[in-house]
Amino acid sequence: MALFPAFAGVTANKVDDTSKELDWLSNKSFQPDDAVFLHQRTLERTSKRQTEKESSLGKELSSEEEEEEEEGDVPPKKKKKKKEEKKRKKKKKKHKKRSGRSSDSSGSDSDTVYPSDLKKEQEKDRSQAAPLSSRFFWLDDLQSPTEQPFCLDRKPDPANWTYKSLYRADIARYRRKGSSSLGLDRHTQEVSWEESEPNKKNKGGDKKRAADRYFSSANRQLLRSEPTVPTLPRIPDCTDVTVPTSFLSLGDEQGKGEGETGQKVQTSSVNPLRVYDASTALWLQGKGLQDQTDVQDQQAGQSTAPLAGRTEEFNRRLREQPADTQLWIEFIRYQDEQCAASFGGEGEQQGDVAEHRKSSYRAILEKKLSIVERAVAANPCCIALHLERLRICQELWEPSVLAKEWKKLVFLHPNSAPLWREYLLFTQSYFSTFTVSKVNAAYGKCLSTLSAVRDGSMVSHPALPGTEEDMLDIFNQQCHFLRQCGHSEKAVSLFQALIDFTFYKPDSVRDLPTKQQVEFFEPFWDSGEARVGEAGARGWKAWMLQQERGGWLQPSADDDDEEEEEEEEVKDRSQPRWTIWLDVESSREAAHWLPWRPNKTKGQSEEDCDDPDRQVLFDDIGPSLICLSSPDLKLRLLLRFLSFLGLPVDSVLSAAPCQPGLLLEDLALLTQGKDPQRPLTCHNLCHPGVNSVGHMTTLQGTRKRAGLGKQGEGFVTSVFSMVHPLLPAHQQAVLSLSWMQYEKLKVMRCLHGGNKKRLRSQGKSSKRVAKRLLKDADNRWSLRLWHEYGHLEWLLGNVDDARKVFSTAAGMGGAKGLSSPALCELCLLWAQLEVEDGGKERGGGGQTETTTSPAVCVLTRLAEGTSSSSSHSLSPVSILKARKAYDHALTASLHALGQELHNSQANRKGQEDTLGEELRLRGLVGCYALFQYLTVGVQAADTVYSQARERMEGLHRTLTPDDATQPNNSKESKHAGTDANHTDSRLSAARLACECEALAVQHAALLRYHTSTSVFPLATLRQTLTSALSVWGGSAPLWSIYIQVENHYHSAGRARRFFHSVIRGSSSVVPRLFAIVAEQQRKQLVDAAQRSGCGDAALPILPENGLSNRIRGLFENTIATEMGAHCPLLWRMYMHFLVSEGNVDKARGIFYKALQNIPWAKGLYMDAVRLFPEHLQEFVDLMTEKELRLRLPLEELDILLED
């Protein structure tokens, strides 16, 4: 007897094979009659139970129909009738299905009837009468082979009609790799599959939506919203406390929070302690939770409630205070936050990310535009709201409409310099309408309009405070714009004309309006007479006087004016075409930045010029001429011109531009301060990040020469000799100091270049200029000039001569001692150089004896007030006296500093130079700290710096609020005194800020030097750098030191968090640039480590470590800011980074994106030629279309290559 009685008959059809019989499957004790009897009894029970259920259901239906007939006297609504009829039909269908299934059930050995058993019984009955071709058999079970060993299943599957598709388990699942099919030609044939959305899979037949992840829209809205349930349990009031509890109860807040969903936790048999939430209790009872979509809708409504509340609050406040412009701007900014909360993650869930973002961004722009139009209607005179409106409309309106609105706005507010700045930035950064001539004309229109407002010619609008200062800043921005476009000749001519117009103005035209003065100046400019910086220049005033007497006598030609012999421009014709174009273009830029003038002594005329663009017409510069009445602004004009030529200038007196990010384009800003030979003095001359005139090349290109060349150096010398006699004594000292620092800077460039021959020649010429300056009677007693000359001799390797210079200078001011800031700075530099020189001799290890240290000797003699020397030994008593003298001097100076700042406005007359000297405490603090470091230790030096910085930064914070109190409007022009006081206060705050930053750099440099020579924990240095950078976030030397310290360690989390905290609270682009540089240097370290791990075999592809994506994210976040979008250095760095990663196509896309923001930067086009040389013709055509200066057309290049 078989174990399975239902299949006992199958064995009869099998072929007898005793070897294959499975005896262990047979159960001889089982009787088949008993199985049949049990099966029949089960069928009888199930049939009785089904008939009873049908009778009970029939009674219920009849009773319901009777109740409905009784209620039929009252006519119900039509909608209710339809709903009840549908319910009845559904119930009847269900009962019919259940009765049908129960009547057909058979073959079960239990009370439960399964559909699979019914199906098996039906197939068994049919298979007995069916032929062989319609039955399923295994091939091994066939006794004889048939002609057709297959079966046709003609039975229909009703599930296909019901669900309109096959059952998911009947479909074979597989994963396709790739988007093509094997055997197809990729170029001519293609098969595309529609990917199924993974979020819409129904697991186990359950159509309910799966639970949202943490990044879904509903959960992100829940995180942004204010928590409805407090984080900690609420402490009850004292009156409610009766019995002290020893535990934190769960409280009813959770139940109240869940009361909105109707799931209040109650005591039940499965949850007697009420410790389970509602969903867990339902699960224990075997019940399900409500639909997930309802829960998500409730969560979305709950999370958007705080946003709706804030919108309502904004609307209420704006109805009450419609004149609050700042509130309107906050409401406009709030729309971005609301948009992010409302449309947060739906795009990712729907799979239509790009289109969703575009539609939502467009919608929020329209909403912001409607708000700002309401704000402008309520405040028509508010310029900030008008600017916000134009920013929003920049992406909604056509370029012509937008330009028309800008012109209309500046026409309505012609006296607002900030508005003019925004308008000029729009004109020079809007690619579709940008040309150099249009932008230059806009600058001229701006300056001529502001000049008319300043003169009072425009009666409708009064001049606002600080108009002259704003005009000079806009003029400087125009000159740098022309230089960045390649039109260096026009920029230099602008400075020449304004210096002549300011310092050599005839007395007869001084009282006329600016427009009439410009008309008198035009004949002088067109006369062909020598201008500022040219040989034989005498100025506008002398020319006017000589014209009244009968004109000039033609000078004879000098033999010294011989032009330099032109070298062959194409040195290597075997190089690629684009390389030759870049070399010739940059060399011509370096040689021909001065405007071309015909030499009348040689009989030249304007037709003899090979390049017409080298000639500058008066129409290009006339509208930009302005009048400057303040002596400080005249000095600032000269310093701006010297900085334009590449000379170091006083950052306080020259004043930083209002939009410094537009000028940043030199990579030296981010790589300075890396001189291991001079760790203490390498930060004395900081690079501003702005290229000088004549230096136009690629981002990583080298400078052609250390200075400006023979012709350029002669131009600088002529400018100094011409302007120097016109200034007062203290301003002459400023110019002489700048010239001396320029000579030192050229020597430092030669040192970094490593060319000894060039260093020797440059050293001779620089020493010759320095000695000529020191021979001047006004400069002979200037300690600052002796300070720079001594450093120059030390850099050239003449250490003994440098010590003699320092000793002589210290002897001249030795009687003043610690009370002289210039003497303190000179002795500090001398001591720092001695420390660096001693460290080199000892190889960086150990320290010399305190009493014999040259640096200690210098600092001690300074405190004693005697002639300094670095060769004499000291007694311990003299060191103790010196320490006490330093302590008293520092305390007295800090006390006097506060009094000087408070009394600066009252004693302003005649105190310009004194005020600057009193604020210079970097020398005294640095000498005291270095003295303590050499005699006591690094902790004592750290204490000196910390106390001085804390006191000075506190004084700076008291001055900063006064800087912000500037009147926004004025109906009178009687603000000269107030404006002067305000300018003086701002100058004091700027000078104090410069001193605080210099002290922070000294402090960090000394601690870094100590960590490199001794064992010292980095916590002190990190604390110093972070505290300083939190205040002075735009300091490039501090960021350079910080990066050098942090990048020695692979733990980048601390540095990244600090960068993020500084960037979040700063609008400057400098911290963002250094954050990018830090990640790039870290990536170089990681890549080098990965390459070194594989021995001699180079890795074809380095493993991805995530740094590339992080750097790309930093670039994208920075260009999304207002200052970063218009920073040429940032875009050029981004292009180079993508090319270095191998993403050439993306880099080219970034180039075209950069053109939409900085189309005026010629350096960007030169970088593109270097990175994408196959598109040289396209880039040159683009430069020609936008009127950028092109010095070597491609046609001329072909001629040069043919020759």
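In this predicted model, helix H44 passes helix H45 in a left-handed crossing. H44 spans residues 1144-1155 and H45 spans residues 1162-1171; their axes come within 11 Å and cross at roughly 165 degrees. Angles over 145 degrees count as roughly antiparallel, and H44 and H45 are therefore roughly antiparallel to each other. On the H44 side the contact involves Phe-1151, Ala-1154 and Leu-1155, which meet Leu-1164, Tyr-1165 and Ala-1168 of H45. By class, this contact of H44 with H45 has six nonpolar residues, no polar residues and no charged residues.

**Overall content**

The secondary structure of the protein comes to 47 helices and zero strands. The protein has 1203 residues, of which 41% count as buried. Among contacts in the protein with a separation of 6 or more, 68% come from residues 24 or more positions apart.

**Helix pairs**

| Helix pair | Axes come within | Crossing angle, roughly |
|---|---|---|
| H31 and H34 | 10 Å | 135 degrees |
| H44 and H45 | 11 Å | 165 degrees |
| H20 and H47 | 11 Å | 105 degrees |

Helix H31 covers residues 854-864 and helix H34 covers residues 922-935, with axes that cross at roughly 135 degrees. That angle makes H31 oblique to H34. H31 passes H34 in a left-handed crossing. From H31, the residues Ala-855, Val-856, Leu-859, Thr-860 and Leu-862 meet Cys-927, Leu-930, Phe-931, Leu-934 and Thr-935 in H34. The contact of H31 with H34 has eight nonpolar, two polar and no charged residues.

Helix H20 takes in residues 577-591, and its axis crosses that of H47 at roughly 105 degrees. Angles of 65 to 115 degrees count as roughly perpendicular, so H20 and H47 are roughly perpendicular to each other. Arg-577, Ile-580, Trp-581 and Arg-588 in H20 meet Leu-1194, Glu-1196, Leu-1197, Asp-1198, Leu-1200 and Leu-1201 in H47. The residues of this contact of H20 with H47 divide into six nonpolar, no polar and four charged.

**Nonpolar core**

In soluble globular proteins, nonpolar side chains tend to be buried together. The largest nonpolar core here holds 258 residues, and Trp-581, Leu-645 and Tyr-886 touch the most other members. Trp-581 is also one of the H20 residues that meet H47. Leaving aside its neighbours within four places in sequence, Trp-581 is in contact with Val-1169, Leu-1176, Val-1180, Met-1183, Leu-1190, Leu-1192, Leu-1194 and Leu-1197.

**Two loop residues**

Glu-1187 lies in the loop between helix H46 (1176-1185) and helix H47 (1194-1202). Most residues other than glycine have a negative phi. Glu-1187 is not a glycine, yet has a positive phi of about 65 degrees. Its relative accessibility is 33%, so Glu-1187 counts as partly exposed.

Gly-707 is placed in the loop between helix H24 (668-671) and helix H25 (709-723). Buried means under 20% relative accessible area, and at 15% relative accessibility Gly-707 therefore counts as buried. Not counting residues up to four places away in sequence, Gly-707 touches Glu-713, Tyr-742 and Lys-746. The C-alpha atoms of Gly-707 and Ser-692 are separated by 9.8 Å, with the two residues 15 residues apart along the chain.

Technical notes:
Residues numbered from 1 in each chain as written. Predicted model: local features only at pLDDT ≥ 70, side-chain atom pairs only at ≥ 80, totals over all residues. Heavy atoms only, no water. Axes fitted to C-alpha atoms, helices over the stretch in contact; angles between N-to-C directions. Helix = DSSP H or I, 4+ residues; strand = E, 2+ residues; numbered from the N terminus. Parallel < 35°, antiparallel > 145°, perpendicular 65-115°, else oblique. Left-handed = near helix turned anticlockwise from the far one by under 90°. Contact = heavy atoms within 4.5 Å. Nonpolar A, V, L, I, M, F, W, Y, C, P; charged D, E, K, R; others polar. Core = buried A, V, L, I, M, F, W, Y, C linked by side-chain atoms within 4.5 Å. Buried < 20%, exposed > 50% of the residue type's maximum accessible area, 1.4 Å probe, protein only.
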